[in-house]
Amino acid sequence: MRTLMGGTLAGQLVVFAVTPLLTRLYSPEAFNDFGLYMALSGIFSVLATLRLEAAVPIARSDTDAVGLTRLSMQSSMGVAVIAALSTALALHLGWFASSTHPWGLAAVVGVSVWLIGAFQSLTALSIRRDEFGQIAKAKTTQGLWLAVGQVGLGLLNPSSLAFTAGDAAGRLAGLGQLYGGYRQAGAQPAVLVTTSGLALLREYRQFPLFSMPAAGINALGAQAPILLLGLAFAPTLTGLYVFANRLVAVPVGLIARTLSQVYIGEVGKVQAKGGTLQPVLTRYLLAALMASGVGAGLVLLTAPWLVPWLFGTQWLNALPVLNALLVMAVIQVPASSVSQTLNATGHNHWQLIWDTGRLLAVVLAFVVAHQRELDLPQTVWLYAAVSAACYTALIAAAYASLKRPGQGPQGPAVSAQEEAS
């Protein structure tokens, strides 16, 4: 597990490290298109596999595991086509402003959705086979080539299409390492007799019926700001938000994911011994709050001179947006770090209710901002305030779940910290 976390950390840090180069290669308009691409591919990619990849590690047999992997990759291809056509239609109707050709961006979104779905599927099978070293290598390789692709294509042609295509092409890297394990697993004598896709769908129907909608709602809640800002503001302004969000989302995701993984491990040990979870929950909340508060405070103090020095003076206008997201991160990190409490205590439905409520609250915030004709910083501050209230409610739900017995641990689910992935 530590190897896997190290690979994930290395891959994301490489992508984050090239941001100063990207801000000098690409314009705010290009960042707007990249944000739109990331939002659409992020939403469709969680639907691409029908969440069947979540069933692979816990499948009843190796035959089912290989069959589910194959089925989830096949469904990814179909959803990728739907994603591409939907993106082209949305751009053609003028729902979103883009500086690149609609079909060009649509094609890149489709390719990305397919590659992300395939990577998720193969990763799940590798987890079942305890091939954590291969997963770590694949994620590190992928992160490296994502960075190389975006910088390399940007040096050749610093356009929006190069920005998005560099990301999509980089996602192909690492698949080969995982695909070898898939072929090896499929060649085992015990799995040569395959189960039909329809039979697998019937057997594991709870994943597309329940897990997929929950994941979709979570993804919509995470990506809604970029899409709604794209509807309300010019690409130049939306690009400022995408830039600021990139600076905040990566460290928030890394800190929250690391704390969450350690936290849920300790929760499992305490539950096995029949202990009380409240002291553990409080301890991790305070640790996460201290880490996020100190980190956000340092960035808030240094951003006025750090941003132009690292990223260029054209991004100074993003400072008010960055400040709002940093303040939101102070509560987002603690809430995300302990969000798995609801799953551990058997209150998965509370997580679904929270995801749905967060989505509705975020949409309402942007509707109010549009009606009151707020500018970009004011809109983002309103969004940050509403999100902070939602994360506070998630913490309250975590404490409440300790006092009301649930149905026991239900396994991993899409939680709040995954939105920054």
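Mentor: Helix α11 is followed by G274, whose phi is positive, near 75 degrees. Please bear in mind that the model is predicted.

Trainee: What span does α11 reach, and what span is expected?

Mentor: Helix α11 covers residues 235-272, 38 residues in total, and reaches 52 Å from its first C-alpha to its last. At 1.5 Å a residue, 56 Å is expected, and the value is close to that.

Trainee: Where is the kink in α11 centred?

Mentor: The kink is centred on N245 and amounts to about 25 degrees.

Trainee: Why is α5 called roughly antiparallel to α6?

Mentor: The axes of α5 (residues 102-128) and α6 (residues 132-156) cross at roughly 155 degrees and come within 8 Å. Angles over 145 degrees count as roughly antiparallel, so α5 is roughly antiparallel to α6. The crossing is left-handed.

Trainee: Which residues of α5 and α6 meet?

Mentor: F119, T123, S126 and I127 of α5 meet F132, I135, A138, K139 and Q142 of α6. By class, this contact has five nonpolar, three polar and one charged residues.

Trainee: How do α3 and α4 pack, and which hand does their crossing have?

Mentor: Helix α3 (residues 28-48) packs on helix α4 (residues 62-92) at about 145 degrees, with the axes 9 Å apart. Their crossing is right-handed. Among the residues in contact are L36, L40 and F44 of α3 and V79, I82 and A83 of α4.

Trainee: What classes of residue make up the contact of α3 with α4?

Mentor: Nine are nonpolar and five are polar, with no charged residues.

Conventions
Residues are numbered from 1 along each chain as its sequence is written. This is a predicted model: local features need pLDDT of at least 70, side-chain atom pairs count only at pLDDT 80 or more; totals for chains, interfaces and linings use all residues. Side-chain values use heavy atoms; hydrogens and water are left out. Axes are lines fitted to C-alpha atoms, for helices over the stretch in contact, and angles run from 0 to 180 degrees between N-to-C directions. Helices (H or I, at least four residues) and strands (E, at least two) are DSSP runs, numbered from the N terminus. Angles under 35 degrees count as roughly parallel, over 145 as roughly antiparallel, 65 to 115 as roughly perpendicular and the rest as oblique. A crossing is left-handed if the near helix is turned anticlockwise from the far one by less than a right angle, and right-handed if clockwise. Contact means heavy atoms within 4.5 Å. Ala, Val, Leu, Ile, Met, Phe, Trp, Tyr, Cys and Pro count as nonpolar, Asp, Glu, Lys and Arg as charged, and the others, Gly among them, as polar. The expected span of a helix is 1.5 Å times one less than its number of residues. The bend at a residue is the angle between axes fitted to the seven residues ending there and the seven starting there.
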